[in-house]
Amino acid sequence: MISSVNGTKVLKADNIICLTGTLVLGTNTIYVVFHSAFRKGRQLEEEHLGRDKHSPAWNGDASRLFVRKAGYNYGWDWGPVLMTGGPSRFELPVSCSTWPLFRSWTVASGSTRDVQLSHLRLVRLNPSPLQLHPLAHPSPASWPRGFVSETLEPVLKVHFKIADVSPSHLLNFSLLDSSRRNLTKLSITASDDGEHCWRFEQDEVELWWPAGMGKQVLYTVKLDLVDEKTGTVLDSTERQIGFRRVRVVQEPLNDQPGTSFCFEINNTPIFSGGSNWIPLDPFLSNATPERYRQWLELLVEGHQNMVRVWGGGVYEDDAFYDTCDELGILVWQDFMFACGAYPAHPDFLATVKEEAEANVLAEAENLGYDPKDHDGELFICLWALMRLTVVCAGDWTRTGFPAREIYERLIPSIVLEHSDVFYSPGSPWGGSSTRDVTVGDIHQWDVWHGSQFPYQDFGKLSGRFVSEFGMEGAPDLRTIDYFLDGDTSERFPQSKTMDSHNKAGGFERRLAAYLSENIRFASTIEGYAYATQFIQAEALANAFGSWRRLFKGGIERTYCAGALVWQLNDVLLRSGLAHLGPFATISSAPSLPCGVSSSSLAPGTCCSGIILQYFAIKRALAPVAVGTHRYTERTFPDRHSAASFVEKTYVDVWANSSLLAETKVDVVIEAFELLSGERVHHEMRTTKLAPNRSTELVKLEVPIAKSGSETAVVVATKLVDPQSGKVLSRAAAWPEPFKFLSFPSEEAVDLNVKVDFAHETLTVAAARPVKGLVFTFSKDVKLADNALDLNPGDVQAVSVKRLTKQTDVSWRCELPVFA
């Protein structure tokens, strides 16, 4: 890229970078030439490797490794090839009519920032001393210092610069709460370059907590420059801040090898449940603050508290990170290296150095903290890279894996110098290899990819932190009908159109295996969409529930301290692993996928775009969630013979709590015959759930049905608030695989659904156990839960926002045959 402002060449760049130039009053001419990144990558690849030679790359053209452009533009196993070019954002943040007196100021605090950062920015570089501008290259000594100490004592330091300071100038500092109430105020004599420090007692300000564990308290620091003689406010500026302490703790565990990999917030270990994040749109200019908020609000409503910004996308816009702060979302931030063996020649190292410094310095300067205060108080809680594992030493640029120079020398030195955020040389990154489950994080792709283990084995496939895993499924039926665009001849699962809307290699064989191993399903498009989403939801519920069970309290027993599913969002109308499709926030126009308008949707279409696995994850990550695991044990009375054996089936029941206080609950366990609905077991016990950990409740031997041992029995568990009687969580342990079960008739199930338009509620009950009841609507609604498991005598109520009398409600539960 080559650019000029008013005829003066200001930049020649080979990376996504901010552009600065001198503006004048009146008309300004900005001239920018963007060269083809694809052609440039191919040229560099040939220059450094030779003709027709390539470095290993997984997804996209291998030449992408030689240019610093968003990897996903080259196509991925979930996205299209769309090689974009041009300014993604264009801002003029400085007014031509006012000249503020504050040259610059930075705020040190616990978590947040309020600055404008764009990929293309023009700032006035006028020689006037009354100029507001960012510190271009601050030294560590000039940075603000702010942290929450080990004893949770907040400190706030403000560093300021003022142009043309006068002896009569005073600087008034104010700390305001969310309602703009002044908590504290003081005045000092202004100086051209100064610093002030506030120290607070623990009860003076509140700490920031992740979603589900406390409030996301944010404050505003306001500075007024006042002429003491006249009382005139000469200039004023403010920033939003927050206080928190963040650590990544890697310490030895009790009773198991290896170390923990646990995020600790305000001295409290947390289970990090969340999602991987890819760019919001194939075209970055379509990503608006409103769209960021809509998606991130859905994440929080799904009881998730962390998002990983994946390394094949982009460093996101400030609106993304600001919204995360407001909503209580921790950010795992990858550097932009994904799935490939990157080069490390001098020119490449230079641009990577510039890129890393720009992003790390942006967080340091604009969030405000001291690189010497190692108590991690930013919204970004971890910097990481995606990489391979090769053992070598010496000059890594001359080896078969030169990028180690980037991952293990260049970038860590930058992070260490300018940041106190935890840095991991890769993701996954562990002990003896990237598959070491006892140290660091792992990517668990032996379900769906790799060995294609049964999803029921997720509980056995844990690591200390699982930063990638997932299961594919079809999109909702309305999305399918949208991209079919009325072509009924293509409305079957194996059609060319359906195939073109699935980017995963070998998906046909893998989906077929997981479907045929577990359920009976028909070949209609309705049955296929429902069946794949059913398997997807069951798999993700199993993974999150089982791994959260391993969070047993205290750092020394965090055998698994987090799981981030692949992925939250999507950029294409397709079958995939995302639990929120591009239509997930269609009720608001800015959230529509590129090229789609609300008028283009078929009449009566409800494109919620929320896949069933979203609700399964939401239930598994609820503040209080019950979990079950059903299994069969076989014993041999004569250990020297296999002629006879005894089988007994058990259900383990546990509860996961993220609440910071002990919770009293009634545990209700029932067992029902599937065909008759008769209850064959009932017990209730009152217990106290330990705070912020899992609690083992009971190991129940599954009772034999009265009609005989061949009759299926479903074990249902509820956690109930003993004071209000409210059901806090439900779980049902069914015999698997489902394809072997005999199901009751529709008449015997006697499904009873009541629609209450006045209270925007659905109430549902059944006379027999029901698996995976799904509601659909003719108009856009916001559903609190879906894909329900029902049991006799347990009436469930589901909130449905925007439910009106003009909305048609339908439901389906098609086990055993998804027809």
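The charged end of arginine 510 sits over the ring of tryptophan 448, 4.4 Å from its centre, where a charge is taken to sit over a ring if NZ of Lys or CZ of Arg is within 6 Å of the ring centre and within 35 degrees of the ring normal. Arginine 634 likewise lies over the face of phenylalanine 645, at 4.0 Å from the ring centre. The model is predicted, and local features therefore need pLDDT of at least 70, while side-chain atom pairs count only at pLDDT 80 or more and totals for chains, interfaces and linings use all residues. Residues are numbered from 1 along each chain as its sequence is written, and side-chain values use heavy atoms, with hydrogens and water left out.

The protein chain has eleven helices and 40 strands, which are DSSP runs numbered from the N terminus (helices H or I, at least four residues; strands E, at least two). Of its 819 residues, 57% are buried, a term that means under 20% relative accessible area, with exposed meaning over 50% and partly exposed in between (1.4 Å probe, protein chains only). The chain exposes about 33600 Å², of which carbon and sulfur atoms supply 50%, the areas coming from the Shrake-Rupley method with a 1.4 Å probe and, for residues, with only the protein chains shown counting as cover. Among contacts between residues at least 6 apart in sequence, 70% join residues at least 24 apart, contact meaning heavy atoms within 4.5 Å.

A pair of aromatic rings is described by the distance of the centres and the angle of the planes. Rings of Phe, Tyr and Trp (its six-membered ring) pair if their centres lie within 6.5 Å, and planes under 30 degrees apart count as stacked, over 60 as edge-to-face and the rest as tilted. By this rule the count comes to 37 aromatic pairs. Tryptophan 198 and phenylalanine 200 form a tilted pair, 6.4 Å centre to centre with 35 degrees between the planes; tryptophan 198 is buried at 6% relative accessibility, and phenylalanine 200 is buried at 8%. The rings of tryptophan 734 and phenylalanine 743 have centres 6.2 Å apart and planes at 25 degrees, so this pair is stacked, and both residues are buried. Ring pairs also link Tyr72, Trp76, Trp78, Trp310 and Trp566 into a cluster.

The axes of helix H2 (residues 289-301) and helix H3 (residues 318-327) come within 9 Å and cross at roughly 35 degrees, the axes being lines fitted to C-alpha atoms over the stretch in contact and the angles running from 0 to 180 degrees between N-to-C directions. Residues that meet between these helices include Tyr292 and Leu296 in H2, and Phe320 and Leu327 in H3. In helix H10 (residues 612-620), eight of the nine residues are buried, among them Tyr614, Phe615 and Lys618. The buried residues of H10 pack against H2, helix H9 (525-549) and several strands, including S26 (624-635) and S35 (770-777).

Glycine 41, in helix H1 (residues 37-49), is buried with a relative accessible area of 0%. Its C-alpha atom is separated by 7.6 Å from that of leucine 65, 24 residues apart along the chain, and, not counting residues up to four places away in sequence, glycine 41 touches Ser63, Phe66 and Val67. Histidine 169, in strand S9 (residues 169-176), is buried at 8%.
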